[in-house]
Amino acid sequence: MNGLILVDIQKDFCKNGALEVKDGDTIVPIANKLIELFKEKGEMIIGTKDWHPSSHKSFAVNSDQKIGEAGQLNGLYQIWWPVHCVQNENGAEFHSKLHPIENIVYKGENPEIDSYSAFFDNGKKHKTSLDDILKKNNIDTLYIMGLATDYCVKFTVLDALELGYKVYLIEDGCKGVDIFPEDSKKAINEMKNKGAVIINSNNI
Ligand code: VGL
Ligand code: ZN
């Protein structure tokens with residue numbers, strides 16, 4: 001069975017958001033088209049949410065660091081982010097034009113560790129509910145798109161492949177942060193090299 005995973009299409013990653021991804025909004029119509037398509041076919045749709053407590057230590061201000069620089073958080077490589085996607089705040093809402101999604105998986109709740117993948121935190125210590133939900137629904141094939149290509153989309157895709165899912169990465173449905181030049185391009189190559197099939201939304 002197929003499943004659609006929409007990664008972090010939240011206000012803070014879109015226009016004028018706290019961690020704005022360039023052209024992030026442009027993927028919303030693509031997400032909506034696929035939501036309707038998967039609904040028609042009776043296939044499962046899951047939206048993920050970056051969902052941090054305001055005390056999260058990936059926020060530069062909480063770790064006494066500079067936004068966009070890199071360091072270590074509890075022994076793991078960490079980019080220091082602006083405050084974003086704080087639980088129950090406006091910035092953590094889905095984009096206002098995104099069609100309703102029934103199933104939501106939350107990640108990033110532990111203030112001590114960042115969590116890019118929708119399956120595991122960055123240290124692979126804690127598993128979210130995503131894998132169990134997919135297995136319970138006999139889903140073995142994932143169509144994945146969202147924000148941001150070089151962080152949450154990339155790590156979600158890589159973990160999905162490791163967990164044995166067949167993965168289609170919808171390239172035109174993703175936009176990246178690109179703190180370092182070509183990060184998104186490299187992320188797409190890495191996903192492809194590890195087994196993801198790169199497709200365009202028009203071909204679904
Ligand atoms: C993300 C940076 C920090 C993402 C989340 O959704 O790609 N990036 N938190
Ligand atoms: Zn985050």
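**Ligand 1 and its surroundings in the predicted model**

A nitrogen atom of ligand 1 sits 3.1 Å from an N or O atom in the side chain of His 84, a polar contact being a pair of N or O atoms within 3.5 Å. This is a predicted model, where local features need pLDDT of at least 70 and side-chain atom pairs count only at pLDDT 80 or more, while totals for chains, interfaces and linings use all residues. Residues are numbered from 1 along each chain as its sequence is written, chains are lettered from A and ligands numbered from 1 in the order written, and side-chain values use heavy atoms, with hydrogens and water left out.

Asp 50 also puts a polar side-chain atom 3.0 Å from a nitrogen atom of ligand 1. At Cys 152, a polar backbone atom is 3.1 Å from an oxygen atom of the ligand. On its own, ligand 1 exposes 260 Å², and the protein buries 100% of that (accessible areas by the Shrake-Rupley method with a 1.4 Å probe). The residues around ligand 1 (a heavy atom within 4 Å) include Trp 81, Tyr 116, Leu 147, Ala 148 and Tyr 151.

Leu 147 and Ala 148 are joined by a cis peptide bond, with omega at about -5°. Ala 148 falls in the loop between strand E6 (141-147) and H4; helices (H or I, at least four residues) and strands (E, at least two) are DSSP runs numbered from the N terminus.

Helix H4 (residues 149-162) pairs up with helix H5 (residues 183-193): their axes come within 10 Å and cross at roughly 5°. The axes are lines fitted to C-alpha atoms over the stretch in contact, with angles running from 0 to 180 degrees between N-to-C directions. H4 and H5 are therefore roughly parallel to each other, as angles under 35 degrees count.

Conventions
Parallel < 35°, antiparallel > 145°, perpendicular 65-115°, else oblique. Polar contact = N/O pair within 3.5 Å; in protein donor to acceptor, adjacent residues only side chain to side chain.
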